[in-house]
Amino acid sequence: PNRRHGSDHIPIAAVFKCTSAPNLDAEDIALIHSINVLAQEQKTALESAERELNLQLAEIEQRFQEKKETNVAPGPTPPKKAKVKKGRPPQEVIDFMRKKRSIMKDMKASARKQRHDL
């Protein structure tokens with residue numbers, strides 16, 4: 001506020017001009033279509049790779065679960081504790097998770113490069 005404007009709300013006017021949206025030519029439409037196709041292919045490839053890797057991880061975890069169950073001695077079971085720590089997973093699981101992350105990272109980098117080149 002000052003002597004000229006007694007309020008801190010200064011009046012402002014704006015004029016808008018309505019225009020139509022620009023039309024796309026055949027080349028632009030083809031580019032948009034190819035981008036959409038590429039994005040769908042990359043999404044499908046990433047999902048299938050992740051699904052396959054998750055199945056492999058489930059098989060590895062199941063093997064170690066079976067080994068763990070066979071190593072348990074029969075007899076009276078100790079009373080259950082309130083909280084049980086899981087501990088560190090087997091080295092094979094850790095190695096597989098690292099491999100999975102590396103594969104997914106490489107696939108995403110490759111997809112990013114393909115989109116950039118397009």
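Modeller: Ala39, Gln42, Lys43, Ala45, Leu46, Met107, Lys108, Ala111 and Arg115 line the second largest pocket. On a 1 Å grid over the protein atoms alone, a pocket is an open set of points where a 1.4 Å probe fits, with protein on both sides within 12 Å along at least five of seven lines, and lining residues have an atom within 4 Å of a point. The model is predicted, so local features need pLDDT of at least 70 and side-chain atom pairs count only at pLDDT 80 or more, while totals for chains, interfaces and linings use all residues. Residues are numbered from 1 along each chain as its sequence is written, and side-chain values use heavy atoms, without hydrogens and water.

The pocket has a volume of about 160 Å³, that is, the space filled by probe spheres set on grid points joined across faces, edges and corners. Two elements, α1 and α2, each give two or more residues to its lining. The most come from α1, with five residues. Helices here are DSSP runs (H or I, at least four residues), numbered from the N terminus.

Helix α2 covers residues 91-117, 27 residues in total, and reaches 39 Å from its first C-alpha to its last, close to the 39 Å expected at 1.5 Å a residue. That expected span is 1.5 Å times one less than the number of residues. Buried means under 20% relative accessible area, exposed over 50%, and partly exposed in between (1.4 Å probe, protein chains only).

The structure also holds two salt bridges, each a side-chain nitrogen of Lys or Arg within 4 Å of a carboxyl oxygen of Asp or Glu. Side chains of opposite charge can pair when their charged atoms come close. In one of the bridges, the side chains of Arg63 and Glu92 meet at 2.6 Å, N to O. Arg63 is in helix α1 and Glu92 in helix α2, so this pair ties together parts that are 29 residues apart in sequence. Arg63 counts as partly exposed because its relative accessibility is 41%, and Glu92 is partly exposed, at 34%.

The other bridge joins Lys113 to Asp117, with the closest N and O atoms 2.9 Å apart. These two residues are four apart in helix α2, so about one helical turn separates them. Both Lys113 and Asp117 are exposed.
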